[in-house]
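Hi,

Here is the structure I said I would pass on. Have a look at it first, and then read my notes below.

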Amino acid sequence: MSEILFEKYKDYFRVGAAISGIIYDEDFNFFGHKPPQDFVKSLKDGDIAKKHFNLFVAENDTKMQRIYTAEDTYDFSRADKFIKFAKESGKDIRWHTLVWHNQSPQWIFEDGKGGRASKQQLAERTRKYIMEVGKRYSDVICSVDVVNECISDKKFNLRTEEDHSLWQEILGPDYVDNAFIWAKEAFPKSSLVLNDYNLEVIPGKRQGFYELVKGMKERGIPVDTVGLQMHINIEDPAVEEIEKTIELYGNLGLNVIVTEMDVSVYTQMEEAKKDITQEILDRQAERYYKIFECFKKEAKNGILKDVIFWGVTDALSWKNNFPVRGRGDAPLLFDNKGNEKPAFAKLIK
Ligand code: XIL
């Protein structure tokens, strides 16, 4: 039996990971602060990523905020470092993400005179951005998150200003279609993904997303894949809900990929910081195992193509600070020191 995670699943799906800049960028800093060198040196994430995962995505360095610094001005320095690292490691590469209401630069939504950008201004900026990114990277990108998190958690239709998004507000509801049309031109060989979270958790959101993507297919918009982020926890949602969600989109003739998986040990936002006991780790292992059995089934059904973890070791997981700053978490397959957790052992058996 293989001890390499991606080899273990090679007949089913690729197994990917999001890679933090701390791993490949010697200038990495967090809001201007460089992490201590001994911490950086202690990290095993780079070696583990190269060994166990065959698909890389940048955790932050390919987001618009990092790149689109001003009108017609692009800073590809950090994205280049990520792409170089992924290429030298011999991995397939995803792009996350083109159009999103978070981690996008504020200036694109402004007219430069204190007001809001016009529809034409924002459309042109978006089109140019997508083309510029495609020109530089489309040859090496197999899969692109074209639009991320566009469905409201409350209303189950396209986000509005109330849900912190100006995209629909300024461009109108066909902005999602247009982003895919431009992405097709910019990334003619890549798989084009509509990505979102909580689709397996909130049935109304799952349905709202279904209606959006079904309409896109009917209008001939070149979306071919649904991305399920899969930020879940050790209890919820039930595996049956995950299965139902994958099959719902699969039945539209779309591929499904899991784009940002992690399994938090906390089930409630309000839950206080707790010790992560052996019992919790064993439960997490069982949970990962059952979900991966479902993933294997949906791969055999011809629907599920990739499973990507949002990080490599618990040391760098975004869940350490989300949704509660400083609470810590342990949602991945490798612990803070880079040791294999029970969940890893269960998935490799
Ligand atoms: C997160 C990163 O992991 C953090 O480092 C960053 O501070 C905020 O964004 N959904 C997404 C990802 O689509 O881009 C987010 O990544 C996690 C939630």
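Gly16 sits opposite Leu55 of strand 2. That pairing belongs to a parallel arrangement: strand 1 (residues 14–19) and strand 2 are joined by four bridges. Before I go on, please keep in mind that this is a predicted model.

Leu55 has a partner in another strand as well, namely Asp92 in strand 5. Strand 5 covers residues 92–99, and two bridges tie it to strand 2, again in parallel.

Which way do they point? Leu55 and Val57 go one way, while Phe56 and Ala58 go the other. In a regular strand, side chains alternate between the two faces of the sheet. As for burial, Leu55, Phe56, Val57 and Ala58 are all buried.

On to the ligand, which I guess is the part you care about. How many residues surround the ligand? There are 13, and the closest are Glu59, Lys63, His96, Glu260 and Trp310. By type, the shell splits into three nonpolar, six polar and four charged residues.

- His96: one of its polar side-chain atoms is 2.7 Å from an oxygen atom of the ligand.
- Gln103: an N or O atom of its side chain is 3.1 Å from an oxygen atom of the ligand.
- Glu149: a polar atom in its side chain lies 3.2 Å from a nitrogen atom of the ligand.

And how much of the ligand does the protein cover? On its own the ligand has 420 Å² of accessible area, and the protein covers 78% of that.

Next, a helix. Helix 12 runs over residues 278–300, which makes 23 residues. From its first C-alpha to its last, helix 12 reaches 33 Å, close to the 33 Å expected at 1.5 Å a residue. If you are looking at side chains along a helix, remember that an α-helix has 3.6 residues a turn, so residues three or four places apart point the same way. Just after helix 12 comes Gly302, with a positive phi of about 85°.

Last, Ile348, which is part of helix 13 (residues 342–348). Is Ile348 buried or exposed? Its relative accessible area is 7%, which is under the 20% cut-off, so Ile348 counts as buried. Ile348 and Asp275 are 73 residues apart in sequence, and their C-alpha atoms are 26 Å apart in space.

Cheers

Notes. Residues numbered from 1 in each chain as written. Predicted model: local features only at pLDDT ≥ 70, side-chain atom pairs only at ≥ 80, totals over all residues. Heavy atoms only, no water. Expected span 1.5 Å × (residues − 1). Buried < 20%, exposed > 50% of the residue type's maximum accessible area, 1.4 Å probe, protein only. Pairing = 2+ DSSP bridges. Near = heavy atom within 4 Å. Polar contact = N/O pair within 3.5 Å; in protein donor to acceptor, adjacent residues only side chain to side chain. Areas by Shrake-Rupley, 256 points an atom, 1.4 Å probe, with all protein chains shown as cover. Nonpolar A, V, L, I, M, F, W, Y, C, P; charged D, E, K, R; others polar.
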